[in-house]
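My notes are below, after the structure.

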Amino acid sequence: MKAPFSNYLNEIAPTIKELVSILSAHYDYVSALSTDSNGIVVAISQNSKSVANQTMATERGTVVRVRKDGLYSEYAFNEINGATGEELATHIRAELDKQLAILKKTKTEVYETGILADEPLELFVEKETELLPEEADVKELVDMFTAISDKGVSMSENIIECIANGQSTHVCKMFISPNRFLRQSYVYSEGSVVVVAARDGDNRMAYDGVSGLCGPEVFKDLNELVETIAKKAVDMLDAERIVPGEYDVIATPEVSGLIAHEAFGHGVEMDMFVKGRALGAEYIGQRVGSDLVTMHEGALCEESVAAYAFDDEGVLAGDVTEIENGILKTGICDALAALRLGTEPTGNGKRENFAHKVYTRMTNTVFDSGTDSLDDMIKSIEFGYLLDGMESGMEDPKHWGIQCILSRGYEIKDGKLTGKMVSPIVLTGYVPDLLGSISMASTDRKVPGNGGCGKGHKEWVKVADGGPYLKCRARLG
């Protein structure tokens with residue numbers, strides 16, 4: 001079935017069109033983004049059960065963007081209450097005038113920006129899904145997650161907790177400008193299982209998940225992961241501390257995705273170029289990795305939780321080749337930053353929700369596959385580790401430092417896995433050195449989508465990242 005577009009947005013479309021038309025007589029540029037997204041979250045542990053009819057992306061409201069005298073301003077609202085477009089326009093103009101008055105009174109310097117393009121375009125997209133979150137059988141979901149949690153704790157006497165959770169969101173967005181009328185509707189879902197094992201005062205945690213551009217039907221796949229996750233959690237109780245140093249390593253697709261996200265994620269978000277906060281601006285056209293490194297970014301790269309038809313500025317989704325055979329080609333860009341840099345927007349202008357500012361944000365950030373097999377990669381290592389289990393990561397776009405926190409590493413000796421595990425692991429280094437050391441890449445590729453990304457410490461949006469198994473040289477501690 002197709003995910004049906006919001007009746008609410010269809011109802012308010014004439015009013016928003018009228019609003020945009022009236023404001024266009026007073027401003028150089030006008031657009032409006034309206035959203036109506038809802039979903040469901042289910043979380044079950046041995047000690048609690050939680051069901052909520054909302055997710056991180058649940059929202060309903062409109063944001064209007066205008067340009068006057070080289071300055072862009074925005075006004076967000078979530079209530080129309082039967083107001084006409086003319087009534088809304090009068091109110092919004094008064095509020096925006098207050099903003100301009102404050103700037104003039106404080107003698108704030110305005111960063112003058114050109115007029116955004118507004119080529120004619122109409123688009124209506126309803127993505128396929130098996131189930132809708134708003135129509136999900138809540139009792140059935142609770143029973144399923146409860147069974148998964150119970151199965152997890154039954155796997156070992158050392159397992160003290162198993163948390164099964166999932167969220168599914170039906171996203172509907174409408175973008176209107178004088179020449180554009182864009183609508184899209186899609187469902188994305190993600191679920192995970194977290195197992196906690198304990199022995200002699202030592203606690204260890206392992207998790208895995210499922211995700212996709214689909215409905216709550218994806219949650220049934222969690223049952224197949226429980227045994228593997230439980231074994232990893234228990235095995236981690238016997239893990240040793242790693243001896244810090246440089247090693248030949250193999251990153252699983254999940255860890256490859258973390259490296260992609262942290263190495264060339266924020267570092268090539270080109271609003272950082274405008275502010276002079278990213279070293280990547282100085283390396284366009286230069287080598288930043290080995291010949292095996294090709295990286296794509298964009299909502300069209302993968303049918304994942306981060307896929308969409310157009311971004312929050314009405315720019316069509318893209319597929320950007322950021323790195324090609326080790327050469328940094330370009331970054332990703334929202335529409336306003338593109339104007340200031342004299343380049344084209346890439347469809348990466350995203351808001352946390354309608355009441356938040358647009359930033360250049362990642363969608364799918366993915367290493368391309370290679371031609372090697374995992375077995376050959378393992379055989380090629382005299383001593384090193386297979387890295388698994390993404391925890392978190394950080395990067396320094398200004399100096400290209402990277403830090404990845406990983407759950408565990410499996411020892412490789414003389415071309416074979418020994419069965420020995422080390423945990424936890426911190427991978428650090430200078431991005432060009434790390435990517436320059438990539439010497440093998442597998443033919444398979446995965447793009448997990450469990451989690452989100454903040455801009456600094458805030459502005460959370462949905463992202464996905466991944467790649468193949470990658471062999472490289474890394475500093476571990």
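I am working with a predicted model, where local features need pLDDT of at least 70, side-chain atom pairs count only at pLDDT 80 or more, and totals for chains, interfaces and linings use all residues. Residues are numbered from 1 along each chain as its sequence is written, and side-chain values use heavy atoms, leaving out hydrogens and water.

**Terms.** On a 1 Å grid over the protein atoms alone, a cavity is a set of points where a 1.4 Å probe fits but cannot get out. A pocket is an open set with protein on both sides within 12 Å along at least five of seven lines. Lining residues have an atom within 4 Å of a point. Points are joined across faces, edges and corners, and a volume is the space filled by probe spheres set on them.

**Second largest pocket.** I noted a volume of about 430 Å³. It has 18 lining residues, and Tyr 72, Leu 336, Arg 340, Lys 357 and Val 358 are the closest to its centre.

**Largest cavity.** I looked up the cavity count and found 4 of 30 Å³ or more. The largest cavity holds about 300 Å³ of space. Of its 22 lining residues, Lys 173, Tyr 186, Lys 350, Arg 351 and Lys 462 lie nearest the centre.

**Second largest cavity.** Its volume is about 50 Å³. I found Arg 351 in this lining too. Other lining residues include Tyr 29, Val 63, Phe 175 and Asp 312.
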